[in-house]
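Thanks for coming. Please have the sequence and the model open while I talk.

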Amino acid sequence: MSLTIFALVALFFIIVYQIAKASEYAGLLRGEEKVKAQTNRVMAWLLLSFFILGVWGIWQCNDALIGRMLPESASKQGVNYDNMFAITLLATGIVFFATQALLFWFAFRYQSTETRTAFYYPHNNKLELLWTTVPAIVMAILVAIGLKNWYAITSTAPSNAQVVEIIGKQFNWLIRYPGADGELGKRNFRLINDANNVLGLDTNDKHNHDDIVNQSGELHLVKGTPVKLIIGSRDVIHDVGLPHFRYKMDAVPGITTSIWFTPSISTREMKEKTNNPNFVYEISCDQMCGKGHYSMRGTVIVHDTQAELDAWFKAQTPDYVTNFGPKTPVKDTASAKPAAGSGKDTAKTISMK
Amino acid sequence: MSHGHMAHADHHVHPNDLDHHGAHDGHDHHEPHFIFKYIFSQDHKYIAKQFLVTGIIWAIIGALFSVFFRLQLGWPDKTFPILETFLGDWAKGGKLSPEFYYALVTMHGTILVFFVLTAGLSGTFANLLIPLQVGARDMASPFMNMLSYWFFFAASIFMFVSLFVQTGPAAGGWTTYPPLSALKEASLGSGVGMDLWIVGMALFVVSSLLGGLNYVSTVLNMRTKGMSMTRLPLTVWALFFTATLGILSFPVLFSGFVLLIFDRSFGTSFYLSEIFINGHALPHVGGSAILYQHLFWFLGHPEVYIIMLPGMGMASEILSTNSRKPIFGYFAMIISLIGITVLAFLVWAHHMFVTGMSPFLGSIFVLLTLLIAVPSAVKVFNWLTTIWRGNIRFTVGMLFAIGFVSLFISGGLTGLFLGNSALDIQLHDTYFVVAHFHIVMGVSAFFGMFAGIYHWYPKFYGRFMNNTLGYIHFWITFVGAYLIFWPMHYEGIAGMPRRYYDYSAWESFKQFVSLNEFISIVVIIVFFAQLLFVVNFFTSIWKGRKMTNQNPWGGTTLEWTTPIRGIHGNWPGEIPTVYRWAYDYKDDGNGGDFVAQNIPLREGEEGH
């Protein structure tokens, strides 16, 4: 089969090549000047047609794809992004159509003819000044809008923000909630143990004792309450991508990064808005991190009310209790291997979900 | 090219004065040995061809890789026996393994950005055009020039070999960020393949520096009588600034690589801190992965202008020649080149807006990045005004030059979205970025390269490329490129991440399955159109229509005053003296529509 395809392709090439060679000879016979003039006319028409078809194509492409874009921003702050994008699109769109139209129109309009002579016009400083200052002013406006939004995005999170930690690793997200005491306990990468301490929680720090760890990358938030994400990585650079909320931030080993936003549309509401019962907010890894980069999928559940979120929290067992608490009667299969890494006294190894 | 009798020109610096091993001693006129004439040639015209042909070979490989990974992207649930034919175990059962998908993506970027669009573009045209257009017998140091090609060749060997090692070539993206690229445990591609990649790149940097220093010296020191800097063609100005960009930024990249080698093999922690991988906590503490990004992008951003500028210079030349009109705003074009060159060094961190950098620092980079749009806009307006009221002749080179402008407009404008950090937060690492840089680099810069190849082919080989094939090549590539990359913007706006092997499991991105298939189909067609170009290029060397006129395009610049068959030393007699700027496309009083640079002023004519 491959051989047949190769042969067909080779045959196609040979045919095209021969036609091209023949056309060169035919051109020589007919007289080079005449051929050049005719070719020139054809190319001029093709360029003009390209532009016209191109604009039509842009229209068609937009029609085909506009329905597959993101729904409205699921964060309060993301609305600013959408507005800013629209303004930038308007400005660049005007420039795009104007310049492309001129390019292709001039190419067609000033094609070489028997009688035309070019107009010797080497420079015009007034024009240069004009089209230097106008773009500069437009840029300044775009910068002003952009920086206003940038400072808002990078501002300090409000004090009532829910704090959640997301740590990336090859190839899934680990999410930690601060629990009832509202504080995340200390982590130490040297304490990490994939069997019973995936985040390296320092068990000496009491704040860790009520922290809830979720290894399936499920981020639980509530509509209307700002959330501050503390982001980090265990191994290589990852990135917490939240396209519906219009945010992302790199997860870098050795430092923590942070973003905050206020979810404004709950998962249930978004399911209705998009008419898609399978809808779910997803976390995508947005920095190349190895062979599983494309499979680092997390989810975001935005609850309608705080009560719902609280109920979910209540149903979780703190990581410390599961891995280091007093021995509980074994419900499911427990690994026979003894725990390692923490150096403390015995702890049963129970497989996490 | 025969040595010929070198007349006693005003030639001051003998090309071989700087040689230690004077392989070719210009004072005795016997034929140099085959090895020194055709392999270790020190003739700039020959070296240009070496760069060009090597670049074309790499381009086929890099493009072929994109066809392979687009098969995966277009048809994620199908298998292709042809993949297994080419790639063996890396595509068992006809499906690319994820590791090798990432290796292909990585090498595609590395090969095309560095080996094709830098060496194959700057190396080729700086070598061909600088000595000819400034009026010099050869480069300032033909020996260093020869070395610059052979270091490039050595770099190519290492890169090529890395494709075949057992653990595979580098696979962390062409940007090779640590810790992924520093830790063998993090990825198969971070094993031997990464070591070879770094060595290859280090040799590449040496090659670039050897070339760049030569180009700058030649432009500054070896211009012929009357060729003041302000009479230089814009091609030379563009290549001059390209070389400057490279000389000042490649060494920083080199330092980034040195530190990476140390982290990989000598236990240092420049980029590494607090890492737990493969069941172990690593001992490294205190380093910063972001440091690498600064060192990389300090080159990385000037690099994209190194890629763009030669095309800009050549497009200026080709648009002007084929419109029979001067380039509009010659001085404004030079100033905008200066603006772009200076600003290119000041915007690198716009690639790092989401690394957690200080917001204040981010805002500085936003300002500088959007500033660089201004000189770029000026250039576009000047090109438009150049063809306005011209007398346009659509040679294949001219079509590619027009396409270059169209694509630069399209790709450049999306840069305004990405350079504004508040928008970049959403668009970073999505297909919006992929669309942007492909349109500017992958297509626009390539169109500059094609325009140059078709336009100056007679100077390379004394023949013309086949026009029919050329026109077919142009139209398929121009239409195809827009079909491929325009819709990608939509994918990016929808948040679809780049560098993903498969989108089927993602609720948010799986709606683009049919679009990805469409794009892959167009990619395959456009790839074959490039093969058409390659066939045209090579067959025309021996079978192309011969040049009968020394100046087929009616150009004003000095390369068209040399004999049809290039000779060592370029001009058989004295080097021409220059009396005017490079754009006197005007009535010559004799029925012609241009006056070449080496024609003296007529009575009463004002100089320029």
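Let me start with helix H9 of chain B, and which of its residues are buried. They are Tyr330(B), Ala332(B), Met333(B), Ser336(B), Leu337(B), Ile340(B), Thr341(B), Leu343(B) and Ala344(B). Keep in mind that this is a predicted model.

What do those buried residues pack against? Within chain B, they meet helix H7 (234-265), helix H8 (289-323), helix H10 (359-371) and helix H11 (373-387), and from chain A they meet H4. On spacing, an α-helix has 3.6 residues a turn, so residues three or four places apart point the same way.

H9 of chain B covers residues 330-344, which is 15 residues; at 1.5 Å a residue the helix should span 21 Å, and because its end C-alpha atoms are 21 Å apart, the two values agree.

Now to the contact between the chains. Here 94 residues of chain A touch 105 residues of chain B. On the chain A side, the elements that each supply at least two residues are helices H1 (2-30), H2 (32-65), H3 (78-109) and H4 (125-153), along with strands E6 (238-242), E7 (247-251) and E9 (281-285). H4(A) gives the most, with 14 residues. By class, that side of chain A has 52 nonpolar, 25 polar and 17 charged residues.

Last, the domains of chain A. Domain 1 is 71-111 + 124-155, and domain 2 is 162-324. Their centres, taken over C-alpha atoms, are 36 Å apart. The contact between them takes 8 residues from domain 1 and 13 residues from domain 2. The domain 1 side of that contact has 3 nonpolar, 4 polar and 1 charged residues.

Terms used. Residues are numbered from 1 along each chain as its sequence is written. Chains are lettered from A and ligands numbered from 1 in the order in which they are written. This is a predicted model: local features need pLDDT of at least 70, side-chain atom pairs count only at pLDDT 80 or more; totals for chains, interfaces and linings use all residues. Domain bounds come from an automatic or database domain assignment. Two residues are in contact if their C-beta atoms, placed from the backbone, lie within 7 Å. Ala, Val, Leu, Ile, Met, Phe, Trp, Tyr, Cys and Pro count as nonpolar, Asp, Glu, Lys and Arg as charged, and the others, Gly among them, as polar. Helices (H or I, at least four residues) and strands (E, at least two) are DSSP runs, numbered from the N terminus. The expected span of a helix is 1.5 Å times one less than its number of residues. A residue is buried if 20 or more other C-beta atoms lie within 10 Å of its own, exposed if 12 or fewer, and partly exposed in between; C-beta atoms are placed from the backbone.
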